[in-house]
Amino acid sequence: MAKLQTLPVKTRRVSTHHPAASIAEYLRGRLLGQDHVLEAVAPYLDMFQAKLNPVGRPAGIFMLLGPTGTGKTRTAEVVAEALHGSDRHLLRVDCGEYQMDHEVAKLVGAPPGYLGHRETQAVLSQQRLDGVTSEYSRLSVVLFDEIEKAAPSMARILLGILDKGFLRTGDNNPVSFENSIVFLSSNLGAKEMAQISRQHMGFLQGSQRRKGDAAEEQAHHAKTHEAAMFAVRKQFSPEFMNRVDSFLTYRALDRETLDAILDQLLDKMQEHIDLRMGMETFSLVYTDRCRNFLLDCGCSPDSGARELKRVIQRHVLQPLATLVIQRHTPAGRQVQVDYVAEEGRTVFSLLR
Ligand SMILES: Nc1ncnc2c1ncn2[C@@H]1O[C@H](COP(=O)(O)OP(=O)(O)OP(=O)(O)O)[C@@H](O)[C@H]1O
Ligand SMILES: [Mg+2]
């Protein structure tokens, strides 16, 4: 079986003819600590790739539930990357922008004769769906992000998509979602889930038991899943719920996983610096002290990996910008980032 090469994300391509196992492998390397999510999604990508996806409905419908910063939005991005080579190949509907019914109407566009018909293009048009496919795959990745924020009329539009894989725009053009994988993300039940997780952590510490007791972990995940489902059932009708293939609850990220995510984020920042600085680029290296500091600051159970991103920005990227402006970062050199506890800040020095 052909193996995936480990190329950087930007240049990496997984063609539709690539073994599906490699797509799963690709996803596993990028979405960390949520293997159960990938195990649920990968078979639907396989089905599409084998052309055995069902007729008259999207290729897969997933509701992503759980605490902030645990990888719900990232999941849709990495699936788009795996299929098309870039997370730009993702049709993301930010449901926070559709809190009023007249805003929801923009999704399908105004009918002819209505005010604004010419100016408003349907957000969910066939053109937009096709626009996020690529030469590597015909599958469009669609994300309705934070659906609990949308006006109730959004549920009606979604129901049509989930049920028939079909939608009619305001100007009567059909839109088919058969070649789409649909993700619906939501924070519903996240508070309750976080509370159960906190109790669980307290219990683990109190009883001196270590994480890894499989039966206990399983029971804990079942409990958080149930809390999320309870909140979702309150918000959505049974007919809506019945059309979702899988409800996936995201797990709080432990320090070990955040450590691996820190590596990813630092690599990504280096890529960004290389891209922006061009020939003038330099490379950053981190002392263990600095990495530990970033992790200590970024390890907040209430914000997942989001805090980690902010911490890197505040303690690495921002002070670095000052050094770049002052021309203290010569091209081709290594810049070491350390943390000095007495000064309570990161310090930068040239290595070679
Ligand atoms: N499981 C994960 N694996 C790898 N990176 C992650 C993971 N979770 C979060 N991240 C990192 O944190 C960032 C924020 O995560 P993401 O946007 O997926 O959060 P979310 O679960 O959608 O939260 P919210 O409910 O606040 O929207 C991502 O862009 C990614 O860099
Ligand atoms: Mg999100």
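Axes here are lines fitted to C-alpha atoms, for helices over the stretch in contact, and angles run from 0 to 180 degrees between N-to-C directions. Helices (H or I, at least four residues) and strands (E, at least two) are DSSP runs, numbered from the N terminus.

This is a predicted model: local features need pLDDT of at least 70, side-chain atom pairs count only at pLDDT 80 or more, and totals for chains, interfaces and linings use all residues. Residues are numbered from 1 along each chain as its sequence is written, while chains are lettered from A and ligands numbered from 1 in the order in which they are written.

**Helix packing**

Two packed helices are described by the angle between their axes and the distance between the axes. The pairs are tabulated below.

| Pair | Angle | Axis distance |
|---|---|---|
| α10 and α11 (288-298) | roughly 120 degrees | within 10 Å |
| α10 and α12 | about 50 degrees | 11 Å |
| α11 and α12 | about 130 degrees | 8 Å |

Angles under 35 degrees count as roughly parallel, over 145 as roughly antiparallel, 65 to 115 as roughly perpendicular and the rest as oblique. α11 and α12 are therefore oblique to each other. Contact needs C-beta atoms, placed from the backbone, within 7 Å. This contact holds five nonpolar, two polar and one charged residues. Ala, Val, Leu, Ile, Met, Phe, Trp, Tyr, Cys and Pro count as nonpolar, Asp, Glu, Lys and Arg as charged, and the others, Gly among them, as polar.

α10 also passes α11 in a right-handed crossing. R255, L258, D259 and L262 of α10 meet R291, L294, L295 and G298 of α11. By class, that contact has four nonpolar, one polar and three charged residues.

The crossing of α10 and α12 is right-handed. From α10 come L258, I261, L262, L265 and M269; from α12 come L308, K309, I312 and L317. Eight of these residues are nonpolar, none is polar and one is charged.

**The shell around ligand 1**

What comes nearest to ligand 1? T68, G71, T73, R74 and A305 do, out of 19 residues around the ligand. A residue is near if its C-beta atom, placed from the backbone, lies within 6 Å of the molecule. The shell divides into five nonpolar, 10 polar and four charged residues.

Helices α3 (72-84), α10 (255-277) and α12 (306-325) each supply at least two shell residues. α3 gives the most, with three. Domain 1 (20-249) and domain 2 (255-350) each contribute at least three residues to the shell. These domain bounds come from an automatic or database domain assignment.

How values were computed. Left-handed = near helix turned anticlockwise from the far one by under 90°. Contact = placed C-beta atoms within 7 Å.
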